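Good morning, everyone. Please look at the screen while I bring up the model for today.

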Amino acid sequence: MTDDAGVSPAPVLPAEVLDGATAAPGAPLAVVVLPGRGVGLAAGGRRWSVPGPPADLLAAVERAVRPRWVWWSAHAAVGGLVPGVHLARCHDLAAVHRLLHGGVRDDAAAVWAAAAGLPEPAGGRRRAEALHGTGLLDLDGTGEAPLDAQGQLSPAWSDGRVLDDGAPPGEQLARAAEFAALALRAAQAQARAVAALPEHRGTPVGAPLPVQTAQAESAAALLAVELEAVGLPLDRRTAEGIVGAAVGPRPRDAADEVRLRAARDAPVTAEFGGPLDLRNPAQVLHALRGLGFDVPDTRAWRLERLAGAHPAVAALLRWRKAERLATTYGYGWLDRHVAGDGRLRGAWSSADAAAGRMTAQAGLHNLPAELRPAVAAEDGHVLVRADLGQVEPRVLAAVSRDAGLVAATTDDDLYAPVAAALAADRATAKIAVLAAMYGQTSGAAGEALRRMEEAYPTALAHLRAAEAAGREGRDVRTYGGRLLRLADAAASGADAAFAARGRFARNAVVQGAAAELFKAWAATVRAGLAGTGGRIVLCLHDELLLHVPTADAGAAVDLLHGALAQTAHRWAAGSGVRFVAEVAVVQRWSQAK
DNA sequence: TGCGCTACGTA
DNA sequence: CGTACGTAGCGCAG
């Protein structure tokens, strides 16, 4: 099939879509994108196949009617596209499915089955790569009905094969419209399920409506696609300078790399007094024991206290630090992930499987502090960094409505009033709060924890209830309504496994709710940046990094604060809980705080 | 080649 | 202290 995109006419949108009679502003409009070919649309019982450049079509519809876009996933719909226009509202079936049902599957077949009230289909997520080269799979894909006799979505539709199987363009566009119609039906079923979620236990007043969580999660899924497309501005020369200072010059070839590696190793092995593979933990352990150090493993935190006892230990720790930069964040990493435009790009997920935090690949979420000077604003721009202060204890106050802890959130430093309540110093108070939230098992905070129980009984009871659910294998929902699946995970297990599930659940109700607040905040900031040259370029659990034209810096600062106030008001209405953000305008990420 | 283990970076 | 994630090198099984 030849590509005739170069001579295709300007897209003609159906009048019903454009005039808004069928799709009123904010009304659901499902879209399935055929990259480079067109889109299928569905709304209000109608469907349309529209040939043309998908990015232009989406932009035209967005300008005309501002719908709530319904898609199987933002990644499938607009991944790889760069719509020249801000898409304001969406319902992401995969994201809402994860919210409603937890677990790891969010492929269209699993989403459809759950929405239709059918059992989870076999097969799991299909990887497109695995389908290529077999030849056979193309045969059963073409012409297959979307739903089988049980009402399950067929694999060929679920993985998108029927939209890219060499069938005539008109046929594929018709299928795209049919697939969009199915998406619309699934979204309606999800909306009913979201509306039917029970109120959050213990907080009948002022908890976020699950529909708000669904909207924020959908927006976060779209933001994840945008983050991947936009990238993090990285000053490559600074980055290479930092790497070079730690591990030496860039190797000229493979042999040079081997030589440089040996040169880095030699002085360290010499300290140990014999041949030794520093990259083999078993050998390092043996060598350390030979020096008289009886350690169970060779982890850095354990060796740090021994660094003064023998120069070999200090040399090993220095070597490890440099080696991390040489391997994980070295020249190879820069070459793989930093494009010619100076942007570091990696894949983003809007919700991990455990508690729903955002994740990112390509080192975006674990960039060593050492490399942060390399994250720099481009000419005419600044970075605006904002991070939520002490967000987890404040979230605990919101979700538990513990009166004492709520009162403590009015302080800029929450740990100050907590310390007063516990009659302890600030450091002890902080350890006690963290120990309560994370289920610490060893004893450093013992007495302070007991006093936490007296000072904040409602918060502690909330955490204990979550832990009990985890131990007993009962599912739990976060404050915003996300299902934390604990039942199947606890099906088999020893005592240690039950304890692990308990600690996980205790932590997940706080970490998960914090993730929901963060994403709602990020979605509000994203909306506020629409139409400006500013972009969110990094999300880091409790921190947002914006890249904005210098002239817009002040507005961005106001936006970050205003969006937090607005989000917190909706998210913890009437609770009295105060959330705070520290915001700084900088040229380099390292300059903030 | 795939997987578990060890180790370590971030929050 | 604890949870979560992604990445890399090694040894071992297939």
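How do the residues of the surface near DNA strand B divide into nonpolar, polar and charged? The answer is six nonpolar, four polar and eight charged. Keep in mind that this is a predicted model.

Which part of the strand faces the protein? Of the atoms of DNA strand B within 4 Å of the protein, sugar and phosphate account for 78%.

Take Arg299: an N or O atom in its side chain is 3.1 Å from a phosphate oxygen of DNA strand B. Next, Asp542: its side chain has an N or O atom 2.8 Å from a sugar or linking oxygen of DNA strand B.

Among the structural elements, α15 gives the most to the surface near DNA strand B, with three residues.

Now zoom in on Thr298. Thr298 sits in the loop between α13 (281-290) and α14 (300-303). Is Thr298 buried or exposed? Buried, because its relative accessibility is 9%, and the cut-off for buried is under 20%. The side chain of Thr298 also makes a polar contact, at 2.7 Å, with the side chain of Arg320. Leaving out residues up to four places away in sequence, Thr298 touches Pro281, Val284, Leu285, Leu288, Leu303 and Arg320.

On to the other strand. How many residues surround DNA strand C? There are 23, and the closest are Asn280, Arg336, Ala362, Gln440 and Arg503. Sugar and phosphate make up 76% of the atoms of DNA strand C that come within 4 Å of the protein. By class, this surface has five nonpolar, 11 polar and seven charged residues.

The side chain of Asn280 has an N or O atom 2.9 Å from a phosphate oxygen of DNA strand C. Ala362 uses its backbone: an N or O atom there lies 2.7 Å from a phosphate oxygen of DNA strand C. Gln511 has a polar side-chain atom 3.5 Å from a base oxygen of DNA strand C. The elements giving two or more residues to the surface near DNA strand C are α15 (311-327), β9 (359-360) and α23 (495-529). Of these, α23 gives the most, with four residues.

Next, the inside of the protein. The largest nonpolar core has 101 residues. Val395, Val418, Trp521, Val525, Leu544, Leu546 and Phe579 touch the most other members. Here α23 comes up again: it gives the most to this core, with 12 residues. Look at Leu544. Apart from neighbours within four places in sequence, its contacts include Phe518, Trp521, Ala522, Val525 and Leu560. Another core, of 29 residues, lies apart from the largest one, and Val31, Ala43, Val65 and Trp71 are among its members.

Last stop: helix α20. This helix covers residues 426-438, 13 residues in total. From first C-alpha to last, α20 reaches 18 Å, close to the 18 Å expected at 1.5 Å a residue. Which residues of α20 are buried? They are Ala429, Ala432, Val433, Ala435, Ala436 and Met437. In an α-helix, residues three or four places apart point the same way, because there are 3.6 residues a turn. After α20 comes Gly439, with a positive phi near 70°.

Methods
Residues numbered from 1 in each chain as written. Chains lettered and ligands numbered in written order. Predicted model: local features only at pLDDT ≥ 70, side-chain atom pairs only at ≥ 80, totals over all residues. Heavy atoms only, no water. Near = heavy atom within 4 Å. Polar contact = N/O pair within 3.5 Å; in protein donor to acceptor, adjacent residues only side chain to side chain. Nonpolar A, V, L, I, M, F, W, Y, C, P; charged D, E, K, R; others polar. Expected span 1.5 Å × (residues − 1). Buried < 20%, exposed > 50% of the residue type's maximum accessible area, 1.4 Å probe, protein only. Core = buried A, V, L, I, M, F, W, Y, C linked by side-chain atoms within 4.5 Å. Contact = heavy atoms within 4.5 Å.
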